[in-house]
Amino acid sequence: MNVLILKNVPHEGPGTIEDFLKREGVHYRIVELGSEKIPDDDYDALVMMGGPMSVNDGEIYHYLKEEERVVREYIRKDKKILGICLGAQMLARALGSKVYKGPGQEIGWYPIELTGEAMRDPLMLKLAYHPRSGDLWKKFMVFHWHGETFDIPEGAVKLASSELYSNQAFRYGGGAYAFQFHIEVRKEMILEWLKDEAALPKISKETETFYEEYLGRAENFYKGFFSS
């Protein structure tokens with residue numbers, strides 16, 4: 001498998017996704033959209049990372065328009081796609097949905113609840129299983145940092161919600177997944193992102209509590225998503 005990873009800003013990289021791909025010997029390429037062009041090479045899967053801008057800011061960040069074009073091409077070819085935070089919003093926009101300001105900022109560790117459709121989705125079940133006990137959890141903690149949201153695209157399946165944000169995840173077709181939450185974070189990424197935030201002590205403590213379980217859930221998802 002060959003994986004193309006698109007970074008919208010330098011500090012929001014693939015984190016544990018890259019760790020997994022390296023460990024498993026999966027070929028990947030990371031493209032810094034602010035300074036590099038998206039290659040024309042044929043990849044099996046597309047991963048889009050987060051960023052502080054809006055997907056509606058294409059007149060400011062011109063590469064967002066090219067990113068959207070590439071997403072539509074991958075959708076047309078029915079290839080695997082994983083969009084995270086801004087990447088999830090980009091997938092929604094490419095599928096014709098509106099992306100807009102949410103009810104408030106959701107920053108830190110908050111639970112998501114999986115839908116009935118998610119509990120029938122083989123990859124979402126990998127996320128739902130507790131990595132140590134093997135118990136199936138419909139509701140569990142994930143790490144958030146976002147202030148915008150999206151409508152579920154026509155033809156897509158809603159997979160998760162939170163108390164503040166109704167639309168936290170969706171799947172389109174057989175292999176395109178959008179996660180509003182940050183599945184990819186390493187511990188040090190969380191601490192770096194939050195270094196200037198008043199909530200750092202609280203979230204740092206919560207990270208020590210929730211992180212290892214979260215990492216296990218993420219890696220279980222990666223095993224399924226990045227399988228050939």
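Predicted model: local features only at pLDDT ≥ 70, side-chain atom pairs only at ≥ 80, totals over all residues.

Biologist: Okay! In which sense do β1 and β2 pair, and over how many bridges?
Modeller: They run in the parallel sense, with six bridges between them. β1 covers residues 2–7.

Biologist: And what holds paired strands together in general?
Modeller: Strands of a sheet pair through backbone hydrogen bonds, and the pairing can be parallel or antiparallel.

Biologist: How many strands are in the sheet, and in what order?
Modeller: There are nine, and the sheet is open. Reading across, the order is β2-β1-β3-β4-β9-β8-β7-β5-β6, with mixed pairing.

Biologist: Which ones are the edge strands?
Modeller: β2 (27–32) and β6 (139–150), as each of them pairs on one side only. From one strand to the next, the twist averages 20 degrees.

Biologist: Is β1 mostly covered or mostly open?
Modeller: Mostly covered, with five of its six residues buried.

Biologist: Let's switch to helices. What does α1 touch on the sheet?
Modeller: Helix α1, residues 16–24, packs on the sheet and touches β1, β2, β3 (45–48) and β4 (80–84). Its direction makes about 150 degrees with that of β2.

Biologist: Which α1 residues are buried?
Modeller: Thr 16, Ile 17, Glu 18, Phe 20 and Leu 21. These buried residues pack against β1, β2, β3, β4 and also α6 (200–225).

Biologist: What comes just after α1?
Modeller: Gly 25, with a positive phi of about 70 degrees. Gly 25 sits in the loop between α1 and β2.

Biologist: Is Gly 25 buried or exposed?
Modeller: Gly 25 is exposed, because its relative accessible area is 64%, and the cut-off for exposed is over 50%.

Biologist: How far is Gly 25 from Pro 201?
Modeller: Their C-alpha atoms are separated by 36 Å, and the two residues are 176 apart along the chain.

Biologist: Now α3. Where does α3 lie?
Modeller: Helix α3 (residues 86–94) lies across β3, β4, β5 (99–114), β6, β8 (169–172) and β9 (176–179). Relative to β4, α3 runs at about 125 degrees.

Biologist: Why is α3 called largely enclosed?
Modeller: Because eight of its nine residues are buried, the rest of the structure largely encloses it. Among the buried ones are Leu 86, Met 90 and Leu 91.

Biologist: Where do I find Asp 78 and Cys 85?
Modeller: Asp 78 is in the loop between α2 (63–76) and β4, while Cys 85 is in the loop between β4 and α3.

Biologist: Are they buried or exposed?
Modeller: Asp 78 counts as exposed, at 61% relative accessibility. Cys 85 counts as buried, at 5%.

Biologist: What does His 182 touch?
Modeller: Leaving out residues up to four places away in sequence, His 182 touches Glu 12, Ile 84, Cys 85, Phe 143, His 144, Trp 145, Trp 193 and Tyr 214.

Biologist: Which elements give two or more residues to the lining?
Modeller: β6 and α5 (187–193) do. The most comes from β6, with four residues.

Biologist: Last one: how many lining residues are nonpolar, polar and charged?
Modeller: The lining of the largest pocket divides into five nonpolar, eight polar and three charged residues.

Biologist: Great, thanks for the tour!

Methods: Residues numbered from 1 in each chain as written. Heavy atoms only, no water. Pairing = 2+ DSSP bridges. Axes fitted to C-alpha atoms, helices over the stretch in contact; angles between N-to-C directions. Contact = heavy atoms within 4.5 Å. Buried < 20%, exposed > 50% of the residue type's maximum accessible area, 1.4 Å probe, protein only. Nonpolar A, V, L, I, M, F, W, Y, C, P; charged D, E, K, R; others polar.
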